[in-house]
Amino acid sequence: TFASWSQAQSDAEDHDQADLLLEYAMGTDPNSGASQPVFKLTTDAATGRVDAVLVRPTGGRSDVRYLLSAKADARSTTWTRLNLTPVISQNNNGTETVRYADVASANLFAASNVGFVRLETLLDSNLDGNAEASASSVPQAWMRRAITQRMTFSMPLLKDALFTGKVSTAEGNVISLPVTISLPAETACYVETHSTGERFEIDTAASSGHRLTLKGSRAPAVGSVVSVRAHWTVSELLPADLFSSGASAEDADRVMAFDATANAFRTAWLGSAGWTGDFSGSRILSPGEGLLLHARSGTVTLTLTGAVRTHRFSQPLKAGAQLVGSGFAMDHSPHSLGLTSSNGFTAGSSATDAARLRLWEGDFTEGASSYRQLFHQQQADGSAWIIEDDATQLDQTRALLIQPGQAYFLLPTQDQSSYSEP
């Protein structure tokens, strides 16, 4: 029972965002931030079907009920129960896999291109049908993007954490964790600090066991709660079999990444062996990085899944143009992104002396190939984001101009190294 199990865990606190009840229900170690409850969404790239999958002790815990709840709006605080019957398969190692098929087709998500799902565990110790306590997993999300001609793309969802917990020691650019973790050799990884959203790239070759060597000279402070995750790659997010290949960049589907230093796009195109050109499919897509996709031969529907970021998201900016995306799967306005004077985004009398926002028109109208240019205008009673050359000077500050998974150009007038989304 949970009562007897929890007595032995009275001092357990691994700071991995999983309540003791959830750790009990899922059979994970409450003393290890590397032992994470397995609850995730998976997708079939070919069909777009989204399943919710969890792994728990065989038969589940007798005093725990396992339920799914969901919402279609990231900003909503209301979660609705999903009444789905799972298929259970045995793993022959003391655990079982519970699969809820096609969760994205639930009525709750009708007409939505994004959805959020979490696992709820309810403690019913006396089996009277009334829960004495509950605990929920980190929310997971699915996101669907239909790419026609040229459209922007970003990935706000996360890979599963390899570790979540506190930093034990920090010396220069080397930190130690309270447990040993295994880093994937084939994909770059990073550390993200929950309190600030700041990220640190990991030098995988120089890291082992519980010690991580970070690139650069800085590191999170001792006691900081951090998550360690692998980066997404282009091939993972943009499967080659969904796009159309060709003999060159002139006739194949393309992926374009913006090089802010050169103020130019770098292009990969789909050949017979995968993405090639200025970069390959193994290129990482950093959190908050935007891309421009070109689907020449029709609409490509991407169905993406991942964990929801539940802490701050840092997005350091340089003066000038950079193609970025939100760290959260929600629609955005200049206001919701925190593009304000108090956050360092200069307001001016014209676009030449103000912070600017550049939106790809192809995201609004299929086939369009220009930009919608906005600037932060200084006004007598404050400031507002308006479209350049708009004679009416309609205030766009709170207009939801950016949809989940889209990217946008931000052009601050000065470096914004400490910028983070509100």
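Mentor: Let's start with one spot: Phe-116 stands opposite Ala-141 in strand 9. This is a predicted model, where local features need pLDDT of at least 70 and side-chain atom pairs count only at pLDDT 80 or more, while totals for chains, interfaces and linings use all residues. Residues are numbered from 1 along each chain as its sequence is written, and side-chain values use heavy atoms, leaving out hydrogens and water.

Trainee: What makes a stretch a strand, and what makes two strands a pair?

Mentor: A strand is a DSSP run of E with at least two residues, a helix is a run of H or I with at least four, and both are numbered from the N terminus. Two strands pair if DSSP finds at least two bridges between them. Strand 7 and strand 9 run antiparallel and are joined by four bridges, so they pass that test. Strand 9 also pairs with strand 22, again in the antiparallel sense, over 13 bridges. Within strand 22, Ala-307 has Gln-140 opposite.

Trainee: How do you know whether strand 9 is mostly covered or mostly open?

Mentor: Ten of its 14 residues are buried, so strand 9 is mostly covered. Buried means under 20% relative accessible area, exposed means over 50%, and partly exposed lies in between (1.4 Å probe, protein chains only).

Trainee: What makes a group of residues a nonpolar core?

Mentor: Its members are buried Ala, Val, Leu, Ile, Met, Phe, Trp, Tyr and Cys residues joined through side-chain atoms within 4.5 Å. The largest one here has 30 residues, and Phe-153, Met-155 and Leu-302 are among those with the most contacts inside it. Elements giving two or more residues include strand 7, strand 9 and helix 3. Strand 22 contributes the most, with six residues. Another core of 29 residues lies apart from it, and Val-64 and Tyr-66 are among its members. In soluble globular proteins, nonpolar side chains tend to be buried together.

Trainee: How many aromatic pairs are there, and why is the one between Phe-258 and Phe-409 called edge-to-face?

Mentor: The whole structure holds twelve. Rings of Phe, Tyr and Trp (its six-membered ring) pair if their centres lie within 6.5 Å; planes under 30 degrees apart are stacked, over 60 edge-to-face, and the rest tilted.

Trainee: Which residues make up the aromatic cluster with Phe-409, and why is Phe-409 called buried?

Mentor: The cluster consists of Phe-258, Phe-265, Trp-360, Tyr-371 and Phe-409. Phe-409 has 3% relative accessibility, so it counts as buried. Tyr-371, at 28%, is therefore partly exposed.

Trainee: What makes Arg-372 a charge over the ring of Phe-364?

Mentor: The rule asks for NZ of Lys or CZ of Arg within 6 Å of the ring centre and within 35 degrees of the ring normal. Arg-372 lies over the face of Phe-364, 3.7 Å from the ring centre. Arg-283 sits over the ring of Phe-279 too, at 5.2 Å from its centre.

Trainee: Lastly, is Thr-97 buried or exposed?

Mentor: Its relative accessible area is 16%, so Thr-97 is buried. Thr-97 belongs to strand 6.
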